[in-house]
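Walk through this model with the sequence at hand.

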Amino acid sequence: MKVLAFSDRNELMDELLTFLSERFEHVDAVHGSDYDPSKYRVERSFVYDEMIYDPWQISEALASLFRQGYDLAFFGASVLGREVAAIVSHLTGTHMESEIFDLGFSDGRTIVTRYFFGGRTVIKKETTAKVFTLMPGSVEVKKAWQSSPEKVKLNLSGIPRTRLIETVNKEKASVDITKAEILVAVGRGIAKPEGLELAKQLASVLGAELAGSRPVCQDLHLLDEDRQVGLSGKKVHPKIYIAVGISGQIQHLVGMRDSKIVIAINKDKNAPIFNEADYGIVGDAFKVLPLLIQKLEG
Ligand SMILES: Cc1cc2nc3c(=O)[nH]c(=O)nc-3n(C[C@H](O)[C@H](O)[C@H](O)COP(=O)(O)OP(=O)(O)OC[C@H]3O[C@@H](n4cnc5c(N)ncnc54)[C@H](O)[C@@H]3O)c2cc1C
């Protein structure tokens, strides 16, 4: 089988190419100019110009590449990757499965494993899909192969539907929360500047990274979307996960259930997060966090 991989994010490309190198003989990868696919089983490497970020232009180029004889296409589930996967599926008239974390074949049938019912359950199902996104954080990266892929420039033709006007650098380089040993996760319960400041102080005394629930990352933009844990964010597996002001909805839990120790701080003693927690503190985080920080510093 010949498969195509695309990601605009290098860390997701590492996961994607580990996943594909373990399963397929022929993998071609489409990536930005600063990515090196030589530690994976990659035959051809298509480099696209990252400055042209119009999802439609990239999707049209990928769809036309896909039609040249690929059996399946896989996408890293970044914001752009998810959008491009959906457009490629539309343009090629193929079905799509999103956020899979396993894939295999049985008697010529494709079998995928993915979350279902918003993460309440995991299903293994037969699918006719040809386009897939891979759940971030579901694959342990192994740079276990050696290849010298032929490099080709991916031509993006067509009239862009969007035009880049300005770019603004992020204050801090993005972090990979899937690698963090300790995470302090911020929920809507403390989603105010002073709550975020307390979470930062706790993270600093513990040597932890900050993570967040979807409202905090996507709706309120208090944290970068890279830090979102959950069904539409990342799957994390730290040694310690401290959930502060997070209710514990299933879409969040599916992203943090592999944590070794879960500590929850919530003012509602009936919050579902306590069912997942090894240790729980029922109380107002704005009062609990300063005490915790003081104790840990002392
Ligand atoms: C398709 C889909 C995908 C989704 N993907 C994700 C995902 O990837 N990640 C994700 O997180 N969510 C996701 N969601 C959203 C999810 O359903 C929840 O809405 C979300 O997780 C709730 O975030 P929260 O716990 O921060 O906020 P809330 O549910 O509003 O909970 C806030 C909590 O803070 C507590 N609280 C309030 N004030 C204080 C205080 N002073 N001190 C202590 N505790 C306090 C409250 O008791 C409450 O339990 C998804 C939803 C859908 C439909």
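The model is predicted. Now apply the cut-off. D107 has 6 other C-beta atoms within 10 Å, so D107 is exposed. D107 sits in the loop between β5 and β6 (109–116). Its backbone is worth a look too: D107 is not a glycine, yet its phi is positive, about 50°. Most residues other than glycine have a negative phi.

But E99 belongs to strand β5 (residues 96–106). Buried or exposed, then, is E99? With 20 other C-beta atoms within 10 Å, E99 is buried.

E25 is another exposed residue, because 10 other C-beta atoms lie within 10 Å. E25 is found in the loop between α1 (10–21) and β2 (26–31). Between E25 and L134 there are 109 residues in sequence and 19 Å in space, C-alpha to C-alpha.

Next, the helices. Take α4, with 14 residues. From first C-alpha to last, α4 reaches 20 Å, close to the 20 Å expected at 1.5 Å a residue. Its buried residues are G195, L198, A199, L202 and A203. Down the axis of α4, these fall within an arc of 140°, so they line one face of the helix. What does the buried side of α4 pack against? The partners are β10, β11, β12 and α8. After α4 comes G207, with a positive phi near 70°.

Helix α8 (residues 285–297) has 13 residues, which should span 18 Å at 1.5 Å a residue; the end C-alpha atoms are 17 Å apart, in agreement. A285, L289 and L292 are buried in α8. Seen down the axis, the buried residues of α8 fall within an arc of 65°, so they line one face. The face turned away from that side carries exposed K287, L291, Q294, K295 and E297. The buried residues of α8 pack against α4 (193–206), β12 (240–244) and β13 (261–266).

Now the nonpolar cores. The largest has 40 residues. Those with the most contacts inside it are L183, V184, A185, V186, A199, A243 and V244. At least two residues of this core come from each of β10 (182–186), α4, β11 (209–212), α5 (214–219), β12, α6 (250–256), β13 and α8. Follow A199: leaving aside neighbours within four places in sequence, A199 is in contact with V184, V186, I190, L210 and V244. Apart from this core lies another, of 39 residues, among them L17, A29, A61 and L72.

Finish at the ligand. Which of the 30 residues around the ligand come nearest? They are G187, G189, S213, G230 and S247. The shell around the ligand divides into ten nonpolar, 15 polar and five charged residues. α5, α6, β13 and α8 each supply at least two residues of this shell.

Methods
Residues are numbered from 1 along each chain as its sequence is written. This is a predicted model: local features need pLDDT of at least 70, side-chain atom pairs count only at pLDDT 80 or more; totals for chains, interfaces and linings use all residues. Helices (H or I, at least four residues) and strands (E, at least two) are DSSP runs, numbered from the N terminus. The expected span of a helix is 1.5 Å times one less than its number of residues. A residue is buried if 20 or more other C-beta atoms lie within 10 Å of its own, exposed if 12 or fewer, and partly exposed in between; C-beta atoms are placed from the backbone. The arc is that of the directions from the helix axis to the C-beta atoms. Two residues are in contact if their C-beta atoms, placed from the backbone, lie within 7 Å. A nonpolar core is a set of buried Ala, Val, Leu, Ile, Met, Phe, Trp, Tyr and Cys residues joined through C-beta atoms within 7 Å. A residue is near a molecule or strand if its C-beta atom, placed from the backbone, lies within 6 Å of it. Ala, Val, Leu, Ile, Met, Phe, Trp, Tyr, Cys and Pro count as nonpolar, Asp, Glu, Lys and Arg as charged, and the others, Gly among them, as polar.
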